[in-house]
Amino acid sequence: MPHIDLNNDLPGIRGLLAFRPEVAGPMGELANILLRDTDGLSPVDREFIATHVSWLNDCFYCHHSHGAIACHYLGGEMDLVDQVRNDYLHAPISEKLKALLTIAGKVQQAGKAVLPEDVENARRHGATDRDIHDTVLIAAAFCMFNRYVDGLAATTPTDLSTYGPRARQVAEKGYGNHIISEKQPAA
Amino acid sequence: MAYIDLGNELPGIRGPMAFSPRTSKPLNELAEVLLRDDDNTLSRGDRELIGAYTSYLNDCFFCQNVHGSLAQHYLQCDMSALDAIKSDPEAAAIPEKMKALLSIAASVQKGGKTMKPEQIERARNLGATDREIHDTVLIAAAFCMYNRYVDGLGTTAPQDRQFYINRAPQRAAEGYLDFDLYK
């Protein structure tokens with residue numbers, strides 16, 4: 001049960017945003033730019049970073065939600081998502097993405113944990129300044145989203161089959177207020 | 001020097017914000033709602049203090065001085081009083097409710113799951129509303145983002161703390177939405 005009375009039973013961050021709609025606008029817009037932009041990193045790469053950081057932060061709702069969105073974009077390759085989530089160094093992904101996931105993991109520990117050699121390594125594998133910027137900010141943003149969700153003990157569905165329909169909704173319509181104002185998707 | 005070429009020499013978060021105006025818009029809008037909007041029963045000073053304290057726990061020099069100076073400005077206290085609150089809120093001369101909210105912020109800084117129901121109960125017993133608890137959690141969580149953005153990109157920060165004190169009245173007046181990143 002959430003630590004505060006949300007006056008709704010929406011799952012995860014949706015319940016929190018519905019309680020305080022004034023913050024839903026900027027948070028949704030931030031998620032849309034960071035996770036759906038196609039300039040540089042692909043939406044799949046971006047969701048991979050979000051999923052990995054949420055997994056490191058042990059946020060069940062977020063890492064399953066964003067893992068399901070990555071899986072949707074990939075047409076159902078959940079094995080790949082699972083491997084990126086918890087063993088990306090051995091996953092069949094580019095060296096560039098591995099280097100960026102390493103930076104994201106450092107950001108999860110603390111901003112100061114990122115070292116010049118981590119950035120150098122990503123650059124050597126072809127990462128641009130924009131890629132590095134976006135990776136740091138996605139990882140940092142999930143250090144916010146994850147703490148928001150777990151710090152208030154948001155309602156977390158344990159039935160994993162409920163994550164797919166919400167993922168499809170976000171993949172098709174993006175992040176934004178529709179996830180709290182429209183009827184929740186059913187399986 | 002920052003880890004990436006930001007195309008500017010601005011200090012702290014202003015460097016990456018000028019590099020990436022699209023993301024800086026929602027980042028600033030969130031700060032305005034959480035820290036400055038007057039539709040809130042927590043004062044601006046209280047909310048800036050939560051931001052400064054979280055930034056102190058995250059060891060982010062730039063953010064703890066920017067927001068510490070704003071807290072000082074609003075709460076009308078001096079730097080030593082603010083430093084004392086940051087280093088030991090429970091022993092500081094602040095309201096008991098604020099101590100309970102800062103303890104909530106400290107747990108958020110460590111990790112969402114470290115929050116204990118007793119901490120929420122304590123704040124509630126001291127008069128904190130659900131929305132105040134919500135905002136405390138989200139302010140602390142948001143600073144876990146802003147702090148990492150600033151330090152994760154290796155941005156530079158003026159070391160003279162008076163620099164931040166001097167700017168606080170202007171920053172308080174302008175707010176987070178309508179200001180010039182280059183000034």
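# A Tutorial on a Predicted Two-Chain Model

Tutor: In this predicted model, 40 residues of chain A are in contact with 40 residues of chain B.

Student: Which helices of chain A supply at least two residues each to the side that touches chain B?

Tutor: They are helix 2 (21-36), helix 7 (116-124) and helix 8 (129-151) of chain A. Helix 8 of chain A gives the most, with 15 residues.

Student: How should I read a nonpolar core, and which residues touch the most other members of the largest one here?

Tutor: In soluble globular proteins, nonpolar side chains tend to be buried together. Here the largest nonpolar core has 112 residues, and those that touch the most other members are A:Ile103, A:Ala139, A:Ala141, A:Phe142, A:Met144, A:Tyr148 and B:Ala142. One of these residues, A:Met144, can be followed across to chain B. Apart from its neighbours within four places in sequence, A:Met144 is in contact with B:Ala141, B:Ala142, B:Cys144 and B:Met145.

Student: How do I judge the packing of two helices, taking helix 1 and helix 8 of chain A as the case?

Tutor: One considers the approach of the axes and the angle between them. The axes of helix 1 (residues 12-19) and helix 8 of chain A come within 9 Å and cross at roughly 85 degrees. Angles of 65 to 115 degrees count as roughly perpendicular, and therefore helix 1 and helix 8 of chain A are roughly perpendicular to each other.

Student: Which residues make this contact?

Tutor: Helix 1 of chain A contributes A:Gly12, A:Ile13 and A:Leu16, while helix 8 of chain A contributes A:Phe145, A:Tyr148 and A:Val149. By class, five of the residues in this contact are nonpolar, one is polar and none is charged.

Student: How many of the eight residues of helix 1 of chain A are buried?

Tutor: Six of the eight are buried, and the helix is mostly covered. The buried residues are A:Gly12, A:Ile13, A:Arg14, A:Leu16, A:Leu17 and A:Phe19. Their cover includes helix 2, helix 4, helix 8 and helix 10 (178-181) of chain A, together with helix 8 of chain B.

Student: Where does A:Tyr88 lie, and what does A:Tyr88 contact?

Tutor: A:Tyr88 lies in the loop between helix 5 (78-87) and helix 6 (95-109) of chain A. With 20 C-beta neighbours inside 10 Å, A:Tyr88 counts as buried. Leaving aside neighbours within four places in sequence, A:Tyr88 is in contact with A:His52, A:Ile93, A:Lys98 and A:Leu101. The C-alpha atoms of A:Tyr88 and A:Phe48 are 40 residues apart along the chain and separated by 9.5 Å.

Student: How should I read the phi angle, and what is phi of A:Asn7?

Tutor: Most residues other than glycine have a negative phi. Phi of A:Asn7 is near 60 degrees, a positive value in a residue other than glycine. A:Asn7 lies in the segment before helix 1 of chain A and, with 9 C-beta neighbours inside 10 Å, counts as exposed. Phi of A:Asp58 is also positive, near 60 degrees. A:Asp58 is in the loop between helix 3 (43-56) and helix 4 (60-73) of chain A, and its 13 C-beta neighbours inside 10 Å make it partly exposed. In chain B, helix 3 is followed by B:Asp59, whose phi is positive, near 55 degrees.

Methods: Residues numbered from 1 in each chain as written. Chains lettered and ligands numbered in written order. Predicted model: local features only at pLDDT ≥ 70, side-chain atom pairs only at ≥ 80, totals over all residues. Core = buried A, V, L, I, M, F, W, Y, C linked by C-beta atoms within 7 Å. Buried ≥ 20, exposed ≤ 12 C-beta atoms within 10 Å, placed from the backbone. Contact = placed C-beta atoms within 7 Å. Helix = DSSP H or I, 4+ residues; strand = E, 2+ residues; numbered from the N terminus. Axes fitted to C-alpha atoms, helices over the stretch in contact; angles between N-to-C directions. Parallel < 35°, antiparallel > 145°, perpendicular 65-115°, else oblique. Nonpolar A, V, L, I, M, F, W, Y, C, P; charged D, E, K, R; others polar.
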